[in-house]
Amino acid sequence: MAKTSWADEVDENELPSPEVISNPDGSRTLIEYRLNEDGKKVKSTRRIKNKVVQEHVNRAVAERKKWAKFGAERGAAPGPNISTTTVGEVILLRLSQYAAQQKQQEIEAQQQKEQEKTLAAKSSRILCRNCRGEHFTARCPYKDTLVPLEEITGASSAANAEPGTSQAEGDKGANSYVPPHMRAGAKAVDSMHERRDENPTIRITNLSENTQDDDVKQLCRSFGPIARAYVAIDRMTQLCKGFAFVSFYDHDSATEAIAKLNGHGFDHLILNVEWANSGGK
Amino acid sequence: MRPILLQGHTRPLTQIKYNSDGDLLMTVAKDTVANLWYSHNGERVGTYEGHQGALWTIDCNKPSTLVITGAADNTARLWHAETGRQLHVWEFPTAVKRVEFSHDDRYVLMVTEERMGHKSAIYVFPVDNSTPEQSNEPIVVLRPSPSKATMAAWSYLDKYIVAGHDDGSLTLYDWKYEEVVRQAQAHDGTITDLQMWKDGTYFITSSKDKTARLFETNTLNPLKMYKADTGVNTATMTPTQDLVILGGGQAASEVTTTSSRQGKFESRFYHKVFEDEVGRLKGHFGPINTLAMQPDGKGFASGGEDGYVRVHHFDPDYFKFKYDY
């Protein structure tokens, strides 16, 4: 038998006895020591506060609470046993009238994303730089015999580039990046932005967190046709951040909405409504 | 909310049930013991040991003094609820798939499986509360046809027995006269669960045809239908809010043959009247086999193929939920 140092012996065999400290606020601090799977000593400190909740139950239920344990639990101490009873993670049950619709929309969005992905995968095929074949350049069978194509074409295009730069850009065509504002049809996008900005827009603040797009639309519909309603949603919690923007087609309806809705009570909160851009269009 | 996880079983759950006061929770699974728990804190009170095969079903009487279990060892057993002592054994030619006490606790119905040339049957036995000795002579034996019975329940005043069949049909028996009052085709698939409303005037059925439906007991008229996108193993009704809860999910054998995205192992909440889905609650990592509602409506428990029972006590938000119409 190997001789062990006296210091180790003490360490391994003696775990400090658990301590219970009563805190001034009525809670207790429990300090326990145990050995974990690797044989290392673990100190666990728990602060426990007992809260007595009184519950009125009928006599039969109270009698049953005193039942002695039987079967596999015979002789077990009262209270839940950790080996059979644990507390799960917090889960949220959000009941909503529109749950099914939302779920459907989510599924559709996901399907669309997947479709786009497969399309993208199809369009980006592998192209060899040497022979333009459908394999990686490193695997090209003509690797040693052919000079990379780019070295030839690149040199010639560089020569062309001197007199007219625009020509070179046109040459690159679909392969090179074109910023959105320079793409064909960019004008249309711009004009759409402008039009959106032209619409008289109001800002609604102090909304409750359960507010949804439809609620705001419903609220504002009575003042006139709505071009757009946007409710800011927190991406993590999926709850409303407390403000929304509503664009009307008509300036008068926006003005009326501000007049009527400012100070209006909605879902237990008083709304604050004003022009979205401080100028007040 | 924070669910309580009960790990008393090593195999998939088959049925869970609250007693009538809602303070006790009984669970059975495909292992050989039945467990009894306190529902408020998940403390295990004890186990009923003695069966030799998978347990399919459990029920207790109104005062929670007697417990009956049915199992695949071709027996149903009567237990003293408080001590776990076995009081009586009924023997059958095949497995017992469902037991249920009548509303007055004087009778118990037992549905047996169709197997080895034996036809499925619904037995009604008398139960005597005062003595441990019980009669082995059934009062009535109903022979479901053409398809075997999978589920059965007592109607209001114990007047009828409603049986759900393997082919998706329902039968209403005037059991005292061994008479079929009415038959109706309810589902396109096996009926997997049948739970009565507390007064026995209507009930909910769930089926492998991906729907759960509400029927009136007297006429077997379909009242409502709740559509899911997966087979429904169980359905229950909430006593306080007008909701129903459906549990299901793809069977383990089908998971690999379909998209791996979701197993759909959530409990789904539907509005009872408007049939719209209003929410989902995740948690299980296998299909949900059985759901039970606490009789006061303040919580529910679900048992899954994963061997776990999850006991939920609703948050205050749940009770504030209102459906606009």
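**View 1. Strand E7 of chain B and its two partners.** Two strands are said to pair when DSSP finds at least two bridges between them; in this predicted model, E7(B) and strand E8 (residues 75-80) of chain B pair in the antiparallel sense over 5 bridges, with Ile68(B) standing opposite Leu78(B) in E8(B). The hairpin that E7(B) makes with E8(B) has 3 residues between the strands, and Asn74(B) there takes a positive phi near 65 degrees. E7(B) also pairs with strand E6 (residues 55-60) of chain B, again in the antiparallel sense and over 5 bridges, and in this pairing Thr57(B) is opposite Gly70(B). E6(B) and E7(B) likewise form a hairpin, with 5 residues between them, in whose turn Ser64(B) has a positive phi of about 60 degrees.

**View 2. The two faces of E7(B).** Is strand E7 (residues 66-71) of chain B enclosed or open? Because 6 of its 6 residues are buried, the strand is largely enclosed by the rest of the structure. Leu66(B), Ile68(B) and Gly70(B) point one way from E7(B), whereas Val67(B), Thr69(B) and Ala71(B) point the other way, and all of them are buried.

**View 3. A sheet with strands from chain A and chain B.** An open sheet of 5 strands is shown, in the order E4(A)-E1(B)-E28(B)-E27(B)-E26(B), with antiparallel pairing. Its edge strands, each of which pairs on one side only, are E4 of chain A and strand E26 (288-293) of chain B. From one strand to the next, the twist averages 20 degrees. Where the chains join, strand E4 (residues 85-87) of chain A and E1(B) run antiparallel and are connected by 3 bridges, and Thr85(A) has Leu6(B) in E1(B) as its bridge partner.

View 4. E26(B) and E27(B) run antiparallel and are joined by 5 bridges, with Ile288(B) placed opposite Gly304(B) in E27(B). These two strands, E26(B) and E27(B), form a hairpin with 5 residues between them, and Gly297(B), which lies in the turn, has a positive phi of about 80 degrees. On to the next strand, E27 (residues 299-304) of chain B is joined by 5 bridges to strand E28 (residues 309-313) of chain B, the two running antiparallel; Gly303(B) has Val309(B) as its bridge partner in E28(B).

**View 5. The side of chain B that touches chain A.** Here 39 residues of chain B are in contact with 28 residues of chain A. At least two residues of this side of chain B are supplied by each of strand E1 (4-6), strand E5 (44-48) and strand E25 (277-281) of chain B, and the largest share, 5 residues, comes from E5(B). By residue class, the side of chain B that touches chain A divides into 15 nonpolar, 11 polar and 13 charged residues.

**View 6. Helix H8 of chain A.** Which residues of helix H8 (residues 251-261) of chain A are buried? Ser253(A), Ala254(A), Ala257(A) and Leu261(A) are buried, and they lie on the same side of H8(A) because they cover an arc of only 100 degrees around the axis. An α-helix has 3.6 residues a turn, so residues three or four places apart point the same way. His251(A), Asp252(A) and Ala259(A), on the other side of H8(A), are exposed. The cover over the buried residues of H8(A) includes strand E5 (201-205), helix H7 (213-221), strand E7 (240-248) and strand E10 (272-275) of chain A. After H8(A) comes Gly263(A), with a positive phi near 85 degrees.

**View 7. Nonpolar cores.** The largest nonpolar core has 89 residues, and those with the most contacts inside it are Leu109(B), Ala152(B), Ile161(B), Val162(B) and Val244(B). Once neighbours within four places in sequence are left aside, the contacts of Val162(B) are Ala152(B), Ala153(B), Ser155(B), Leu170(B), Leu172(B), Leu194(B), Phe203(B) and Thr217(B). Another core, of 17 residues, lies apart from the largest one and has Ile202(A), Ala229(A), Leu261(A) and Val273(A) among its members.

**View 8. Chain B as a whole, for orientation.** Chain B has 2 helices and 28 strands, and 52% of its 325 residues are buried. Of the contacts in chain B with a separation of 6 or more, 42% are between residues 24 or more positions apart.

Notes
Residues are numbered from 1 along each chain as its sequence is written. Chains are lettered from A and ligands numbered from 1 in the order in which they are written. This is a predicted model: local features need pLDDT of at least 70, side-chain atom pairs count only at pLDDT 80 or more; totals for chains, interfaces and linings use all residues. Helices (H or I, at least four residues) and strands (E, at least two) are DSSP runs, numbered from the N terminus. A residue is buried if 20 or more other C-beta atoms lie within 10 Å of its own, exposed if 12 or fewer, and partly exposed in between; C-beta atoms are placed from the backbone. Two residues are in contact if their C-beta atoms, placed from the backbone, lie within 7 Å. Ala, Val, Leu, Ile, Met, Phe, Trp, Tyr, Cys and Pro count as nonpolar, Asp, Glu, Lys and Arg as charged, and the others, Gly among them, as polar. The arc is that of the directions from the helix axis to the C-beta atoms. A nonpolar core is a set of buried Ala, Val, Leu, Ile, Met, Phe, Trp, Tyr and Cys residues joined through C-beta atoms within 7 Å. Axes are lines fitted to C-alpha atoms, for helices over the stretch in contact, and angles run from 0 to 180 degrees between N-to-C directions.
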